[in-house]
Amino acid sequence: MNSSFIKEERKVLPAVPLRDMVIFPHMMAPFIVGRESSVRALELALSLPEKQLFLITQRDPKIDEPLREDIQDIGVVARVIQNLKLPNGNVKVMVEGEKRGRLLELVEHEGSLQAEVDSFDIEYPSSDKLQTYMSRVLSTFEQYAKMSHHLAFEGLMPTLKLDDPDRFADTLAAHLMVTTSEKQSLLEMLNPYERLQRLHDLIDVEIEKVNIDKRVNIQVKKQMEKAQKEYYLNEKVKAIHDELGRKDDRAEEVKELKERIDKAGMPKEAREKADQELKRLEAMPPVSAEATVSRNYIDWLVSVPWKKKSRELRDLNKANEILNADHYGLEKIKERILEFLAVRQLTRKTQSSIICFVGPPGVGKSSLAKSIAKATGRKFVRLSLGGVRDEAEIRGHRRTYIGAFPGQIIQMMKKAGTVNPVFLLDEIDKMAMDFRGDPAAALLEVLDPEQNDTFGDHYLDVEYNLSKVMFIATANVIHTVPPALRDRMEVIELTGYTPSEKLAIGQQFLVPRQLDTHGLKPELVTFEDDAVKALIDSYTREAGVRNLEREIASVCRKLARRIVNEGKSLEITVDSSEFVRELLGKPRFRRRRKQEKSIVGVSTGLAWTEVGGEILETEVGLMKGKGKLDLTGKLGDVMQESARAAMSYVRSRTALLGIDPDFSSELDIHIHVPEGAIPKDGPSAGITMATALVSALTDIPVRKDVAMTGEITLRGTVLPVGGIKDKILAAFRADIIELVIPSENEKDLEDIPAEVREVLTVHLVDSMDEVLTFTLDGEISSLPDSKEKFGQVSPGADVGSGSLAH
């Protein structure tokens with residue numbers, strides 16, 4: 001090549017033949033790589049530092065395995081920008097053309113095509129004459145782009161303001177809608193000036209084609225008289241109705257819709273859309289299917305609130321009274337709502353509030369949202385998301401579908417009638433996804449304060465402002481909520497109630513409500529504390545109070561029958577567990593309590609479930625055998641791994657623990673967690689199983705009055721776990737007041753109610769040696785002596801300040 005403006009460089013690159021496609025330098029282009037040889041060439045290119053490959057167009061796109069003669073001579077050296085492997089084995093790739101190249105030799109190597117290439121760096125000298133010609137070509141192309149429906153004019157023109165004639169010509173060629181052969185001929189032109197001349201000619205031809213299309217369209221339009229004929233006949237019918245004195249229902253309907261549009265207070269975009277649709281409706285025959293679609297659309301536009309808002313209640317004292325009257329405890333949530341109202345008094349520029357209540361069933365998450373609406377003076381709407389698996393439930397369907405409707409978000413806003421309701425998204429953790437889309441992904445826009453002022457519903461097709469809505473979500477567990485959705489919400493955890501809290505809730509809220517529901521007079525029917533305690537202990541097992549209310553209702557129904565039979569003035573006092581048993585029958589649940597005595601090989605652990613905390617006993621049995629480890633009790637994978645980690649810890653500490661080092665080859669070990677029908681999983685039983693193992697192997701009982709939770713490592717380190725509050729409340733309900741927990745969980749003790757905290761003794765541990773010191777009912781002589789060495793929170797200690805008794 002003897003042109004002075006071209007520099008050559010010889011390379012050997014992986015080659016990918018292209019079907020019916022030409023890529024130019026400086027052009028970004030996506031395509032699918034499917035042929036096995038091309039996939040291997042792509043993989044080879046990705047392994048190179050520059051990630052370069054040689055892209056060259058086939059002469060005949062129908063050939064599956066092209067040879068050298070089936071491929072053009074000039075191609076493009078390109079760099080791989082992105083690649084994505086598809087399920088069917090194909091690869092979707094995005095490349096950027098860098099420079100032209102001439103194919104010298106094409107060989108097959110290890111299943112892929114390798115090309116020896118002369119690549120060309122073109123540095124064409126610029127001149128005033130050339131720049132003038134470039135401006136003329138750009139002007140012609142601008143005319144073509146405005147006329148063409150295939151090009152995004154506004155986005156394209158800024159990319160063409162280039163001084164380099166080579167890059168300018170290639171960018172133009174990439175956007176021109178011409179045949180593959182024409183594009184290949186442009187690629188083979190190395191002289192930019194000649195390329196610009198050819199481009200100019202091609203653009204002129206394309207402009208002429210567009211003009212011919214326009215003329216044809218005008219002629220076809222003139223021949224379409226059907227619409228004009230229908231319009232003439234409709235006007236004539238209207239005139240006949242006027243002569244006969246009949247009322248024109250259509251005109252009245254259009255007038256009514258016009259008035260509603262005027263009163264709706266829509267933003268400019270929505271108003272324009274409504275006016276445009278109303279004009280279309282006026283021009284349509286009244287009985288046509290499209291008229292019904294347009295009428296429904298306008299009706300939805302004017303029915304959704306655009307500016308009407310509830311007047312907020314800003315009296316903090318009154319709001320506090322409402323919250324306290326509806327719910328017992330829950331101080332953290334009440335404080336958060338009062339903070340919100342206080343901020344609203346100081347400024348109107350607050351962002352949309354998005355709170356997520358997470359807790360077991362029956363602790364008052366949904367009813368709390370109603371109380372918040374009452375306390376703030378806002379309207380309340382509730383959307384249940386349990387089982388929702390269609391993205392259209394959130395965003396709606398496009399109007400092109402028969403029977404289309406807006407999504408549930410817009411429907412609930414219409415129901416609220418104001419732009420600032422309290423919007424409850426109930427059971428947000430129960431959403432699913434399938435081939436119809438992911439509703440959780442659609443909620444990302446709804447629950448993002450930075451985006452929800454321009455929420456887009458597919459049916460309305462205009463932006464809707466959700467920024468004034470107070471969103472409250474509820475969930476039983478947070479780990480099933482996608483991380484991106486979780487990040488948009490302020491998570492507030494509601495844990496289970498203590499027995500004293502349940503008693504207070506029962507007496508203050510549940511009993512009065514059920515007496516009123518069943519027509520019983522409070523002065524004639526009373527519930528003593530002992531009776532409510534009996535219902536809590538023997539007839540319910542839950543973290544919340546939903547079943548407690550159900551049992552109170554059951555008692556009320558039986559009392560109502562007795563009063564009807566024996567006289568309406570009969571006074572009844574439900575005063576004891578015996579009376580409750582007489583009404584409801586034998587207790588349904590045996591209250592879980594600590595063991596009667598300390599037993600070898602049995603330790604008490606603490607577990608967290610979706611309905612609160614539970615105590616969980618772990619049993620270890622030893623039999624002569626060959627070192628087999630059996631794990632039963634329907635244990636999950638993580639819990640089985642914890643058992644094996646505990647076993648490895650014990651084997652590594654046999655000398656220190658005074659255990660026969662050959663026990664693992666001479667004994668079969670069986671670890672069982674009772675209530676075998678219930679699935680169990682998680683790492684928090686690690687120290688419980690390790691303690692039971694050591695107890696069985698050393699013949700030292702585990703203390704009956706101590707419960708424990710924590711993850712164990714192979715080195716015996718105790719790691720933090722979750723659900724500490726619920727676990728401690730479960731131990732408290734079982735009359736266990738001495739606990740062993742990881743040191744890193746000390747911060748969680750601040751959430752424990754004061755009445756429970758005052759009677760607890762909590763040992764904070766970092767290693768398994770410390771655990772054994774506190775939990776075994778006897779000493780292992782070789783272990784570090786004295787319980788005084790390790791951290792302990794004594795009864796009544798101020799755990800908030802981290803006070804330790806040493």
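The second largest pocket is lined by 27 residues, and His327, Gly364, Ser367, Arg513 and Glu549 lie nearest its centre. A pocket is an open set of points on a 1 Å grid over the protein atoms alone, where a 1.4 Å probe fits, with protein on both sides within 12 Å along at least five of seven lines; lining residues have an atom within 4 Å of a point. This is a predicted model, in which local features need pLDDT of at least 70 and side-chain atom pairs count only at pLDDT 80 or more, while totals for chains, interfaces and linings use all residues. Residues are numbered from 1 along each chain as its sequence is written, and side-chain values use heavy atoms, leaving out hydrogens and water.

**Pocket**
- Helices (DSSP runs of H or I, at least four residues, numbered from the N terminus) H11 (316-326), H13 (365-376), H18 (499-517) and H20 (546-566) each supply at least two lining residues of the second largest pocket.
- H13 gives the largest share of this lining, six residues.

**Arg195**
- Arg195 lies in helix H6 (residues 192-223).
- The side chain of Arg195 reaches the backbone oxygen of Met189 at 2.9 Å and that of Leu190 at 3.3 Å.

**Helix H26**
- Helix H26 (residues 724-733) is largely enclosed by the rest of the structure, because seven of its ten residues are buried.
- Among the buried residues of H26 are Ile724, Asp726 and Lys727.

Note on methods. A polar contact is a pair of N or O atoms within 3.5 Å; within protein, one must be able to donate a hydrogen and the other to accept it, and residues adjacent in sequence count only if both atoms are side-chain atoms. Buried means under 20% relative accessible area, exposed over 50%, partly exposed in between (1.4 Å probe, protein chains only).
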